[in-house]
Amino acid sequence: MKISRWIAGVAIALAGLEAGQAADDKPYQVADGNKVDKATLEGWRTWRALACERCHGPKQEGLVGPSLLESLRRLSKQEFKETLMKGRPEKGMPNFDGSKMVTENLDGLYAYLKGRSDGAIQPGRLEELK
Amino acid sequence: MATKLSYTLGALVGCTLASGALANGDVIKQTQNSSQWAMQAGNMQNQRYSSLKQITKDNVKDLRVAWTFSTGVLRGHEGGPLVIGEMLYIHSPFPNKVFAIGLADQEIKWKYEPKQDPTVIPVMCCDTVNRGLAYAEGKIFLQQADTTLVALDAKSGKELWKVKNGDPKKGETNTNAPHIFKDKVITGISGGEFGVRGFVAAYDINTGKQVWKAYSTGPDNEMLMDPDKTMTWTDGKMAPVGKDSSIKTWQGDQWKIGGGTTWGWYSYDPKLNLMYYGSGNPSTWNPVQRPGDNKWSMTIWARDVDTGQTKWVYQMTPHDEWDFDGVNEMILADGVNVKGKPRNVLVHFDRNGFAYTMDRATGELLVAQKYDPKVNWATGVDMKSGRPQVVKQFSTQAQGADVNTKGICPAALGTKDQQPAAFNPANKLFYVPTNHVCMDYEPFKVEYTAGQPYVGATLSMYPAPGSHGGMGNFIVWDAGAGKIVQSKSEKFSVWSGALVTAGGVACYGTLEGYVKCVDANDINKELYKFKTPSGIIGNLNTWQYKGKQYIGVLSGIGGWAGIGMAAGLEKDTDGLGAVGGYKELNKYTQLGGVLTVFSLP
């Protein structure tokens, strides 16, 4: 069970990498601002399910938590993942290593937020790119 | 002088301790001395009324700041100061500091700062409010964020006992003030957005030993409910709830993560020996995922204080589809005229936009009317079944998951949230701080993981359309007739607890940071206004010291109003949303944490 989850994670990571290479090193694919690849879509769903907007704002512009539009310009993918997994409890950022949805969709979440930060993906509801 | 007085107090406490039966008398006696403010709501009935009358509608314009005090914390400051004898006790949000301040010289007599694991902060996402302290028999009670309940020596600040009330690893935290009824300290739990199973618990004030604990959902014995004796409004009369009244309204064992948390303001009727409180939303916010009435979330509860047994219940919002928590304060008032008869009632201004008037002894539903004309999710409450008549267009269940149901009034934070109303015994009317906000609500499927958010809906909030453009009203309510008597519009939600006094003034705070006092007989006559250092979500309390009446309030923007609410500042769907109501708060206020105390010159 655990192993298959890990493999799935790797698979998504690889898929993300390929998509990224295909689109000028961007980890997401997007059309019309609101149609995105499957992994990025799942990333947005993860963002929504874990209620990230309660701290970071519905448009990632920052509320009690920092603006992710800014943070994603600074953080490396590795730093991003570490922050998600370990949290920053003293600042109010939870550790999401206990969430299956986050661990399985870490790359998609990164892709989604990167797309938001780049201004390529619109805020709000997304659809799958066909 | 100070020493002498506290000695006398000490001796009194000694006597009370010696005979347990008198324990009940202490807090009530303290609250009957109008020079003090001995409970967060001023009295057991949750009335937020003071018989002090030095400050009147004629001289309130001359109020000035007597002194101020910074808590050193920049977060949402809810609750207010307690004043007992020579001392004022004030708390802060996380890390939940407690200060005992001498009224004579404003010196910090003692300070207490608990050590709490910071991992509790994210579980409180997004604000770490605390609604204040409680006092009884020479002890100060603090309900920490991490659920630790502490008793401190009121004179020295020394820890007397502490007990763990919940588990933050499961998303259980505390924001509520503890309530002292008889010889028990009663507390609840927060975490409705983390799939917590709500409960209230009673601890012995002298030892911290748990006396009883009662859940909001689940098997009858765990809710302390008697299928034959616990009553509820059924077909126009009171009838027993019957066996498994909660479990059979949930799919499978969803009741185990079913919410119904209990972070509001409780009240107590000493004659009936009943305590009253409300339970919150069922988890998750996605109604499609949890079929059934989800009892007893969204419910008014009456329990025997000694045993915890449920005398009666009334569910206001069966199968919640909007996050209309039922936790708001339960105000007890006598002689309220209902259809020509004076009744001893419980009055509750629910998040769902209806104000309920109940016979507090029996639990009969007397009145249920909208206290904001914009409320649209239900046409009314059917007085026979007691159920709201839901409008399909605004039913997020009927519209379904992954559909954005638009234009629901009120928004999830309710026509009123926890900000408590006041009752004026002089005219038997209620002074109610309200929100005037509507929302779009899109539920979606979520999985439960212990300690992780379990919300399942995306919301967008904005000022009530087709109205005055503001997001709040301060209203006067007739609970017997179920009618708004007067309404004063406010730019932002009125998120501060109101105060009404025998001097004929009603006072409240605003999110911009103003303290406002109005004529209690004509609230549109604004008599006094002062800008405190930050937005106000605290409650106004009053006391008298050395012949002078004071009014005190905490400033410190935060809570849902100041932070979560900002989430609704623009409608995503609008693209360039120009609504921007709450965004404008930035123009008026920044974070803060200050107690401001007023008096006449």
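This is a predicted model: local features need pLDDT of at least 70, side-chain atom pairs count only at pLDDT 80 or more; totals for chains, interfaces and linings use all residues.
Me: Buried means under 20% relative accessible area, exposed means over 50%, and partly exposed is whatever lies in between (1.4 Å probe, protein chains only). Which of these classes does B:Asp183 count as?

Reply: B:Asp183 counts as partly exposed, at 28% relative accessibility. Residues are numbered from 1 along each chain as its sequence is written, and chains are lettered from A and ligands numbered from 1 in the order in which they are written.

Me: What does the side chain of B:Asp183 meet in a salt bridge?

Reply: First the rule: a salt bridge is a side-chain nitrogen of Lys or Arg within 4 Å of a carboxyl oxygen of Asp or Glu. Here B:Asp183 meets B:Lys184, at 3.0 Å from N to O. B:Lys184 is buried, with a relative accessible area of 6%.

Me: How many salt bridges are there over all chains?

Reply: The count comes to 37. There is also a network of salt bridges that links A:Arg48, A:Arg125, B:Asp402 and B:Glu442.

Me: Which side chain meets A:Arg73 in a salt bridge?

Reply: That's A:Glu70, at 3.4 Å from N to O. Both residues lie in helix H4 of chain A, 3 residues apart, about one turn of the helix. Helices here are DSSP runs of H or I with at least four residues, strands are E runs of at least two, and both are numbered from the N terminus. A:Arg73 is exposed at 53% relative accessible area, and A:Glu70 is partly exposed at 45%.

Me: And which parts does the pair of B:Arg351 and B:Asp323 tie together?

Reply: The two side chains meet in a salt bridge of 3.0 Å, N to O. B:Arg351 lies in the loop between strand E22 (341-349) and strand E23 (354-359) of chain B, and B:Asp323 in the loop between strand E20 (310-315) and strand E21 (330-338) of chain B, so the pair ties together parts that are 28 residues apart in sequence. B:Arg351 is buried at 1% relative accessibility, and B:Asp323 is buried with a relative accessible area of 1%.

Me: What order do the strands take in the open sheet of 4 strands?

Reply: Two strands pair if DSSP finds at least two bridges between them. This sheet runs E21-E22-E23-E24 in chain B, with antiparallel pairing. E21 and strand E24 (365-370) are its edge strands, each pairing on one side only.

Me: Why is strand E39 of chain B called largely enclosed?

Reply: Because 7 of the 8 residues of this strand (548-555) are buried, it is largely enclosed by the rest of the structure. Strand E38 (541-545) of chain B is joined to E39(B) by 5 bridges and runs antiparallel to it. B:Tyr545 stands opposite B:Lys548. In this hairpin, with 2 residues between the strands, B:Lys546 takes a positive phi near 45 degrees. E39(B) is also joined to strand E40 (594-599) of chain B by 6 bridges, again antiparallel, and B:Ile551 has B:Phe598 as its bridge partner there.

Me: How many cavities of 30 Å³ or more does a search of the whole structure find?

Reply: Rolling a probe the size of a water molecule over the atoms shows where empty space is left. On a 1 Å grid over the protein atoms alone, a cavity is a set of points where a 1.4 Å probe fits but cannot get out, a pocket is an open set with protein on both sides within 12 Å along at least five of seven lines, and lining residues have an atom within 4 Å of a point. Grid points are joined across faces, edges and corners, and a volume is the space filled by probe spheres set on the points. The search finds 2 cavities. The largest cavity holds about 90 Å³ of space, and the closest to its centre among its 15 lining residues are B:Met39, B:Gln40, B:Ala134, B:Pro178 and B:His179.

Technical notes
Side-chain values use heavy atoms; hydrogens and water are left out.
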